[in-house]
Amino acid sequence: MTVANKITVSRFAVTIVYFVLLGLCGHEADSTLLYIAFFLFLAAVIGDGLDGYYARKYKQETNFGRIADPFADKILICGSFVFFLAIPPLREIVPAWMVVVILAREFLVTAIRSAAESQGIPFHASGWGKIKMIVQSFVVATAVFYAAHMSHFDWATLIMRVLIWITLVVTALSGILYLIETRRIFAGKNV
């Protein structure tokens, strides 16, 4: 098990604790639990940067890492948006249909990646995919902090709504660009 893979596995553990804390906030937004969840989320995101750094710098790229790293990212982000549907200040600004769009994009890209790699075609994250992950990570962290400390301010609610919409647009756009790239990659192939 490489250092990069150990970091990825530890991200899963941190994510589980993070989800437990979000789950405990389902009926009321407990600011202490949300504050702890905020820092756990940051730890998981920093871990994402670290595992990629170690994998590239020390040439520790493995098949496990190629599957587990994006899987950990998707669980962290998608799970966060699902839990937001149950947390009082967030369920009012994150409608279920937006969560479905975000989940659909992630499932679609995972299916495309699987199809490409089954054909021996490497399918790495695009620049838009990385931008999408940065935007989603920023907005999830901001949303958890907002739920913990800022939801009683109208201006903060407005900013949070705008950020959620930006996330939706960037997520959908990156999915559309992956579809366009898929047509190019699979042109003439029987997939």
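Predicted model: local features only at pLDDT ≥ 70, side-chain atom pairs only at ≥ 80, totals over all residues.
Entry 1: I then checked what the side chain of glutamate 181 meets. It forms a salt bridge with the side chain of arginine 184, at 2.3 Å from N to O. Arginine 184 is exposed, with a relative accessible area of 56%.

**Entry 2: a network.** I next noted a set of salt bridges that share partners: they join Arg11, Asp48, Asp51, Asp69 and Asp73 into one network. My search of the whole structure gave eight salt bridges. One of them pairs arginine 11 with aspartate 51, and their closest N and O atoms are 2.8 Å apart. This pair links distant parts of the chain, with arginine 11 in helix H1 (residues 3-24) and aspartate 51 in helix H2 (residues 31-57), 40 residues apart. I found both arginine 11 and aspartate 51 buried.

**Entry 3: lysine 74.** I located lysine 74 in helix H3, which covers residues 63-84. It counts as buried because its relative accessible area is 16%, and the cut-off for buried is under 20%. What does the side chain of lysine 74 make a polar contact with? The partner is the side chain of glutamate 106, at 2.9 Å. Leaving out residues up to four places away in sequence, I listed Gly79, Arg105, Glu106, Thr110 and Arg113 as touching lysine 74.

**Entry 4: arginine 105 and glutamate 106.** Two residues from that list also pair with each other: arginine 105 forms a salt bridge with glutamate 106, the closest N and O atoms being 3.1 Å apart. Arginine 105 is buried, with a relative accessible area of 6%. Glutamate 106 is buried as well, at 3% relative accessibility.

Entry 5: How many cavities of 30 Å³ or more does the structure hold? There is one. The largest cavity has about 30 Å³ of space. I wrote down its lining as Phe81, Val94, Met98, Ile102, Ile164, Thr167 and Leu168. Of these lining residues, six are nonpolar, one is polar and none is charged. Helix H5 (96-118) and helix H7 (154-185) each supply at least two residues of the lining. H7 gives the most, with three residues.

Key:
Residues numbered from 1 in each chain as written. Heavy atoms only, no water. Helix = DSSP H or I, 4+ residues; strand = E, 2+ residues; numbered from the N terminus. Buried < 20%, exposed > 50% of the residue type's maximum accessible area, 1.4 Å probe, protein only. Polar contact = N/O pair within 3.5 Å; in protein donor to acceptor, adjacent residues only side chain to side chain. Contact = heavy atoms within 4.5 Å. 1 Å grid on protein atoms, 1.4 Å probe; cavity = no way out; pocket = protein on both sides within 12 Å on 5 of 7 lines; lining within 4 Å. Points joined across faces, edges and corners; volume = space filled by probe spheres on them. Nonpolar A, V, L, I, M, F, W, Y, C, P; charged D, E, K, R; others polar. Salt bridge = Lys/Arg side-chain N within 4 Å of Asp/Glu carboxyl O.
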